[in-house]
Amino acid sequence: MTSLGGQFSAKRLGDSPFSIRTEVLGGLESRGVLRKISDMLEIIMKRIDTLSKMSNSSESHRLEEVGDLHAFSPVGLVERIQAIAQNVSDMAIRMEQILKKTNIPARGQCEVPKDPRYPDCASKVDWMRARWTSDPCYSFYGVDGSDCSFLIYLSEVEWFCPPLAWRNQSSHPTTSSLPKRQAYFRSDLSLLLERVGSGKESLSFMRRRMRRLAAQWAAAARRLDERLRSQYRVQKRILVHVGFLTEESGDVFSPKVLKGGPLGEMVQWADILTTLHVLGHNLKISLSVKELQGSLGVPPGRGSCPLIGPLPFDLIYTDYHGLQQMKQHMGLSFRQHRCHIRVIDTFGTEPAYNNEEYATLHGYRTNWGYWNLNCKQYMTMFPHTPDNSFMGFVTEELNQTERFNIKRDKVNNMAVVYGKEASMWKGEEKLLTILHRYMDIHGTVYYEAQRPPEVPAFVRNHGLLPQQELQQLLRKAKLFLGFGFPYEGPAPLEAIANGCVFLQPKFSPPHSSLNHEFFRGKPTSREVSSQHPYTEQYIGKPHVITVDFNNSQEFETAVQDILKEKVEPFIPYEYTCEGMLERVNAYIQHQVRRSWPGNPPSPFLQLPNSTALIWAPNITAPACWPPLSGLRLFLSPEASSCVKTCQDAGLICEPSYFPFINSMEAFNGLNAQCESLEAEKNHVFPAVHVDRRECFQQKEPLLFSCAGVSAKHQRLCPCRDYLYGQVALCRDCL
């Protein structure tokens, strides 16, 4: 009490801690302040009254145990407190007058507004009454069980109720309102290496890769900077959440790094992180759910509430594991901000699997997919799904000295088998015996104590090799042999880059989710024609030989032909550091969602000596990326996808063009002879029914699909050209 009395006496009445500001933040808060002041004064008065009685009684010796009676003057203190109480009473009267003028309701007296623009408000209030204690995040946002707190939350944190007139409607900064900064290329990776850390073997692997390629990234950045010198590049704030490496997802990869486990995902993520850093963006890396929550501003609780404040990032790169974690912890904010997400997706996601309602109704629902994203937000390891964006990775380049040494040191009769796990060799002894007639065979199969029995005795097994030692082995070998698994990994490109010929099996029938366990459950119907379709289609002979391994004679002939060939090291431009920087920079600067108000009259023109349509040069093309100058529109044969139709014309299907050709003008321009026109949800529309000549427009934009196939329909297929060695970009894209 002595210290409390001294605190009061040191201040003027107007400076009292109980004095009230004239501005009103809100009715509930103001009344709460008054209530707390009143409670404190009541407690103080009771204690002073007790002390006064004790000082006049036989129990005065108890006061001496507490302190010196002469140091405490209750009479003077009572006068001060009475004066403060009068001040508070006056302020309370003023407060009530202010609250009446501003129509601020008393606690618990808020009425649920009936506004047709917010039809769910009443039902949401009812839900909050019953369930507001189900998640601590509601209390974090000030919900206390009263209808007023429900309405404040539902109008200011969520958006189911209209803004309350008596609340201070202060605006919050958004990501778009923050000042833009220019991105500059970086050549120093030290900050990136520090942010990646080294707590797991998977992270150590990624750091080693970053260091090994650092000089190549720096040189590529200088070259691209020279080419883009006149372009202003906006620096983005980017979160990279590597979901598959989090403990919450199980992280089955890290323990297997040194035991022959798959490394392709870690190769790609290391290159994605390096690309974003070298391009000059502001990078935040998350490797746990706790880091994810902190980075996004997730309120404490179970994930039912939106984020605290606006999304602090322009882009978020993650994988399917991370996507699930974000949905679990972001609440309603996940739906609000999902357009900022980019999903690293090795095998691709097709539109029929991506649209949740359509996938559920038509049998395309899997454990993955169904996220209702724009399919260009999925980013693949190889350019096999035009509906998605091609992210890729980097293959290590050779300098002139290394190329000379490879040419000098190549061993013509040396083969290396693609397969670090013994199970990949099972049942392949017949082929290996044929190959052994012509070549010495080397393996890199992991083992701990005993040689794996699946590896024949005539094979020299080096065990699992560090990356640099594997590179040296590939630089000596003439042949790199695949047995059919793993599918679409980085290793064949590394072998080709080191001067090997890649010999792989052809699949007949092609492998897909319909006939092969590995692809079952993946959100794609893509048919895989060989172990590595990209190398078969985009590289081909003499670097890649694809044959039927079930035909021993065909296999042996292929080996004999390889022995006669002289092959130089080769890397497609899109798998160089510069190619990846160029591609990802184009995505970041240009891939934005744009609305399309509709088609102008007859915007299409037929190309001379062709059935294809283009966008007429005299019609102003709307803002679009890739630009509409690259559009080539075809009517597909029946039972053909737009992927194949465009490939047959030497082009690439471009799903970004679909909204512009989803019209009667497009059908008429292609002489589709429509007897009727309907709009429906179907992943093969827009299309023409072959027998009935009925034309169908697409009703659901998320179902625009290059991949869709129907035996009963001819599809409208928007194609575009592409840069040699960079299929993701058109000639006018840069």
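Buried here means under 20% relative accessible area, with exposed over 50% and partly exposed in between (1.4 Å probe, protein chains only). At 0% relative accessibility, C577 counts as buried. This is a predicted model, where local features need pLDDT of at least 70 and side-chain atom pairs count only at pLDDT 80 or more, while totals for chains, interfaces and linings use all residues. Residues are numbered from 1 along each chain as its sequence is written, and side-chain values use heavy atoms, leaving out hydrogens and water.

Let's walk through the cysteines.

**Disulfide count**
- Taking a disulfide as a pair of cysteine sulfur atoms within 2.5 Å, the count comes to eight.

**Right-handed pairs**
- C110 and C148 are bonded with their sulfur atoms 1.8 Å apart, and the S-S torsion is about 100 degrees, so this disulfide is right-handed.
- C110 sits in the loop between α4 (74-101) and α5 (121-131), and C148, 38 residues away, in helix α7 (residues 147-156); helices (H or I, at least four residues) and strands (E, at least two) are DSSP runs numbered from the N terminus.
- Both C110 and C148 are buried.
- C121 is joined to C161, S to S 2.0 Å, and a torsion of about 100 degrees makes this disulfide right-handed.
- C121 is buried at 0% relative accessibility, and C161 is buried at 2%.

**A left-handed pair**
- The sulfur atoms of C653 and C706 are 2.1 Å apart in a disulfide, which is left-handed because its S-S torsion is about -80 degrees.
- C653 belongs to strand β17 (residues 652-653), whereas C706 lies 53 residues apart in the loop between β20 (694-698) and β21 (713-720).
- Both C653 and C706 are buried.

**A cysteine too far to bond**
- The closest cysteine sulfur to that of C375 belongs to C706, and at 9.7 Å it is too far for a bond.
- C375 is buried, with a relative accessible area of 8%.
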